[in-house]
Amino acid sequence: MMNLKLSNEKICNGSLILVNADNPMRITEEEKLLPVTPEYPEVHLMREAVYILSLIFEKIHCGGDIVPVSGYRSAKEQTEIYRGSIRDNGEDFTRKFVALPYHSEHQTGLAVDLGLKKEVIDFICPDFPYDGICDRFRKTAPGYGFIERYPKGKERVTGIGHEPWHFRYVGYPHSEIMSAYDLTLEEYIAFIKQYPYGSEPLRWSRDGQELEIFYAKAAGTGTTNITLPENSVYMVSGNNVDGFIVTRHSR
């Protein structure tokens, strides 16, 4: 058997970290950021998110029609955007569409705002409709690792207004499960807790690939110990709340 020792500091790392009004961003790994595309070198994401986003763009041939508008933002940048929006758009608009510093997904490097390529693009609310190439992206993304993060009808859950342009990298198969069950990241974090370590895991399969997913609550000792079958291929992400989500290839 394999014995994993997970430092509880790692709760704040991984593709499934939840950053919202109740769960602030605690760790920033700027050294892992890369430009999304050579054409837009000022827009950065974490390495894996950049790679997966490029795969989706290639899959649907949308490079000439969809552009990255905003990716990683430092706390300083988010503060400037928040204050600027208060000044230009007022408090109601800003609270609906702009998160406070340290509570914005853009500080994770896992979130990207996309927009239709136009001569003038709104930085806060870019146009990303539910038809044409934009909808092709939206429907393709969950099969690779991205989700539409703030869907219509889930405003009370996320605390953010409907943002059809905002996409978040959570990794596969989590993106596909969220899409299949119509779950936001907040809801998925709660959903996975139904499959605690030591009990039956959530099982997911596609194209002959079988995966097991479970939640491990962080131990009060500072280190969380998990045992997996020998030579397991696995991924671990903190949830930025209280534990870890473990994904294991079972075949």
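M235 stands opposite T247 in β12, and that spot belongs to the pairing of β11 with strand β12 (residues 243-249), which is antiparallel and runs over six bridges. Two strands count as paired if DSSP finds at least two bridges between them. Helices (H or I, at least four residues) and strands (E, at least two) are DSSP runs, numbered from the N terminus.

Keep in mind that this is a predicted model, where local features need pLDDT of at least 70, side-chain atom pairs count only at pLDDT 80 or more, and totals for chains, interfaces and linings use all residues. Residues are numbered from 1 along each chain as its sequence is written, and side-chain values use heavy atoms, with hydrogens and water left out.

**The four-stranded sheet**
- Four strands make up an open sheet, in the order β8-β9-β12-β11, with antiparallel pairing.
- At its edges sit β8 (202-206) and β11 (233-238), each of which pairs on one side only.
- On average, neighbouring strands here are turned by 20° against each other, direction ignored.

**Helices on that sheet**
- Helix α6 (residues 174-181) packs on the sheet and touches β8, β9 (209-217) and β12; contact means heavy atoms within 4.5 Å.
- The direction of α6 makes about 100° with that of β8; axes are lines fitted to C-alpha atoms, for helices over the stretch in contact, and angles run from 0 to 180 degrees between N-to-C directions.
- Helix α7 (residues 185-192) also lies across β8, β9 and β12, at about 85° to β9.

**Strands β6 and β7**
- β6 pairs with β7 in the antiparallel sense over four bridges, and Y150 stands opposite E163 in β7.

**Aromatic rings**
- Rings of Phe, Tyr and Trp (its six-membered ring) pair if their centres lie within 6.5 Å; planes under 30 degrees apart are stacked, over 60 edge-to-face, and the rest tilted.
- That rule gives 12 aromatic pairs.
- One of them is F128 with F167, edge-to-face at 5.4 Å centre to centre and 70° between the planes.
- This pair links distant parts of the chain, 39 residues apart: F128 is in the loop between β5 (111-116) and α4 (132-140), and F167 is in strand β7 (residues 163-169).
- Both F128 and F167 are buried.
- Y181, Y188, F191, Y195 and W204 gather into one aromatic cluster.

Conventions
Buried < 20%, exposed > 50% of the residue type's maximum accessible area, 1.4 Å probe, protein only.
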